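The sequence and the structure are shown first.

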Amino acid sequence: MEEPPAAAGLSELEPEEARLAQWVAESAAYISEFTKGLHNAPVAYGEDSAGALEILQAPPAEGPGEFTALLDTYARAVKSGVETSGPRMMAHVPGGGIVSAALAEFLAAATNRYTARSSHAPAAVALEHGLMRWMCGLLQLPDTAIGVTTSGTSMAALSAIVAARSHHLGQDFRNGTLYLTDATHRSIRKAAIIAGLDPEHIRVVPVTPELRMDIRAARDLINEDRAAGLSPFLIVGTAGTTDTGTVDPLRDMSALAREHGLWFHVDAAYGGFFYLTAHGRKIMAGIHEADSISLDPHKSLFLPFGIGVLLMRDAARLRNAYATGDNPHLEGEGLDEILELPDYADLGPELTRAFRGLQLWLPLHLHGVEAFRRALEEKLRLSRILYQELRQDPRLDLPWPPDLSIVTFRLAGRADADHQEFLRRVQETGRVSLSSAQIEGKVALRLCVLSHRTHMEHIRDALAAIRENL
Ligand SMILES: *Cc1c(COP(=O)(O)O)cnc(C)c1O
């Protein structure tokens, strides 16, 4: 007979109480120090970490490691590449990473609820569903709407495009055509291709001088495609493009979609939560008419990376696309019951999933909605200041007033290469991180004010770094 393990009831994988408390305390001390340090963090880290990459890739040993040493190794790994969470990050779309959401993630993982099926964890599902209902309400979707958390907007959009395809085209989608613009995020094209649509049938609709989808041009393309025997089925609008933060004419797009019987999807990955502000509601008017909306709490709600949301006007359309019918609980169940407590496994491609709802629940209840609204209003205000200040400089061109919190500019009369050189110089000051984009075939520079840590002092620094390097 085999010997029973020495410490009965405790396995090596289940630390004793004191040891667990020690790990948590060390982690808390590290997080506290890290967060404090962000306020003076560089925009990017130097070569230093390169030597560490080898250590980081070492395979795990057979024997146990030491928590403090491992935490140290991780702390070194963090100081590598771009500092996405600091206040000077205005390149691409900055990541915020509010600490309360990180704690929620820790709690959710430690308690490990299974939220794929409501019968397994009704209260956890209710908690997530409540927040999804809140978001549907925020964006003024009707009672038939439902929300599902995903890993990000790319997955939310993929889920929506598959639902649109299956609703409008059924099994034979070879002739399906969809409409977007040059400013549409690449993830939409990628999703369409993953969904099996013909890349040749992705129509790029021209934009107006303000970079918004040209409705007349869209209508012409749809009519041409229909006349050619194709099946227009989807039009994608963006509420805040990644390059310039531009909002498409959502109301007109929705009318066009209705006129032609198309699905209207709105990609609100970056812009979505600005709907919490009065300005956002005005500029995104019409978004509530969408068939589906994707948005990223890990962008405009400042959460750590790994959470997106899909809001679907008609919950049944998601279920039609994704329910496999192998869940005994669901037999004979009506839409009302689904709306009451959803089985998330039937509303998207995932089965087992992270309990992401807690990452929304804890921060929103802890800080209150008003705290998020105020932070977003601050971002709008700061970007307006940036725009006004830069516009006064005759050495700069600012052809597009910001719809949201992205400010785009060009060096007047200078070549693309000069822009890249200028970008490098500004970056080297360490006072702000900005990025470039191709807009209408030419390089432009852009600043995206989105971190909850970015305040007026950082905007002043950014302005100084830009002016001194012109
Ligand atoms: C960031 C972004 C995406 C992609 O979202 P992920 O969460 O990175 O998958 C899609 N659309 C827009 C407009 C974005 O800004």
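## Basis of the description

Two strands are taken to pair if DSSP finds at least two bridges between them. Helices (H or I, at least four residues) and strands (E, at least two) are DSSP runs, numbered from the N terminus. Residues are numbered from 1 along each chain as its sequence is written. The model is predicted, with local features needing pLDDT of at least 70, side-chain atom pairs counting only at pLDDT 80 or more, and totals for chains, interfaces and linings using all residues; side-chain values use heavy atoms, and hydrogens and water are left out.

## The seven-stranded sheet

Strand E6 (residues 292–295) and strand E7 (residues 308–312) run antiparallel and are joined by 4 bridges. Within this pair, Leu295 has Val309 of E7 as its bridge partner. Both strands belong to an open sheet of 7 strands with mixed pairing, in the order E1-E7-E6-E5-E4-E2-E3. Strand E1 (146–150) and strand E3 (202–205) each have a single partner strand, so one side of each lacks a neighbour in the sheet. From one strand to the next, the twist averages 20°.

Helix H6 packs on this sheet and touches E1, strand E2 (176–181), strand E4 (231–238), strand E5 (263–268), E6 and E7; contact means heavy atoms within 4.5 Å. The direction of H6 makes about 180° with that of E5. Axes are lines fitted to C-alpha atoms, for helices over the stretch in contact, and angles run from 0 to 180 degrees between N-to-C directions.

## The ligand site

The ligand is surrounded by 13 residues, and the closest are Ser154, Asp267, Asp296, His298 and Lys299. A residue counts as near if one of its heavy atoms lies within 4 Å of the molecule. By class, the shell holds 2 nonpolar, 8 polar and 3 charged residues; Ala, Val, Leu, Ile, Met, Phe, Trp, Tyr, Cys and Pro count as nonpolar, Asp, Glu, Lys and Arg as charged, and the others, Gly among them, as polar.

A polar side-chain atom of Asp267 lies 2.6 Å from a nitrogen atom of the ligand. For Asp296, a polar side-chain atom is 2.5 Å from a ligand oxygen atom, and an N or O atom in the side chain of His298 is 2.8 Å from an oxygen atom of the ligand. On its own the ligand has 380 Å² of accessible area (Shrake-Rupley method, 1.4 Å probe), of which the protein covers 86%. Helix H6 (153–169) and helix H11 (297–300) are the elements that give two or more residues to the shell.

## The four-stranded sheet

A further open sheet has 4 strands in the order E8-E9-E11-E10, with antiparallel pairing. Its edge strands are E8 (396–397) and E10 (435–439).

Notes:
Polar contact = N/O pair within 3.5 Å; in protein donor to acceptor, adjacent residues only side chain to side chain.
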